[in-house]
Amino acid sequence: MGFMATRQDPSTVLERKESRLKPPPMYQVMLLNDDFTPMEFVVSVLQKFFGMGREKATQVMLKVHREGRGVCGVYPRDVASTKVEQVSSYSRQHQHPLQCVMEEA
C-alpha cells in the first residue's frame, strides 16, 4: 500500500516535461515618452522599480526620450504586470503622466 501512494501519476510527469520544452511567454516592460515627466523622475523610477544603477537608468531614460520608448526589463507575465501597476501608480501619486506598458517579448 505504501508503494502505491508514493508513485507519481504519469500525467503530472507529462505536464512537467511539456512545460520544460516550451517556456512561458516573457513580456517586455517599457516606458513611453511624454512631454511633461521630468527626466530625473524617469531615472528615479528605473532605479527604484527595475534595480538599475544611475548610469544604466540614465541610458534607458535617454532612449525613451529620443526614441519614444525604452525597455526596462523582460519578465514573466505576472511580474511584468505588477511592475506596470507599480510604476503607473507611483507616477500618478507624483502627478506625472509617465506611462508604463508591457508587450510580449
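With which residue does Arg-92 form a salt bridge, and how far apart are the closest N and O atoms?

Reply: The model is predicted, so local features need pLDDT of at least 70 and side-chain atom pairs count only at pLDDT 80 or more, while totals for chains, interfaces and linings use all residues. Residues are numbered from 1 along each chain as its sequence is written, and side-chain values use heavy atoms, with hydrogens and water left out.

Arg-92 forms its salt bridge (a side-chain nitrogen of Lys or Arg within 4 Å of a carboxyl oxygen of Asp or Glu) with Glu-85, and the closest N and O atoms are 3.7 Å apart. Arg-92 is exposed at 54% relative accessible area, whereas Glu-85, at 47%, is partly exposed; here exposed means over 50%, buried under 20% and partly exposed in between, with a 1.4 Å probe and protein chains only.

Across the whole structure a search finds four salt bridges, and another of them joins the side chains of Glu-40 and Arg-54, with 3.0 Å from N to O. Glu-40 belongs to helix α3 and Arg-54 to helix α4 (residues 54–67), so this pair ties together parts that are 14 residues apart in sequence. Helices (H or I, at least four residues) and strands (E, at least two) are DSSP runs, numbered from the N terminus. Both partners are partly exposed, Glu-40 with a relative accessible area of 47% and Arg-54 with one of 43%.

A further salt bridge, between Lys-63 and Glu-67, has its closest N and O atoms 2.7 Å apart, and these two residues both lie in helix α4, four residues apart, which is about one turn of the helix. Lys-63 is partly exposed at 35% relative accessibility, while Glu-67 is exposed, with a relative accessible area of 52%.

Leaving aside residues up to four places away in sequence, Asp-34 touches Pro-97 and Leu-98, where contact means heavy atoms within 4.5 Å.
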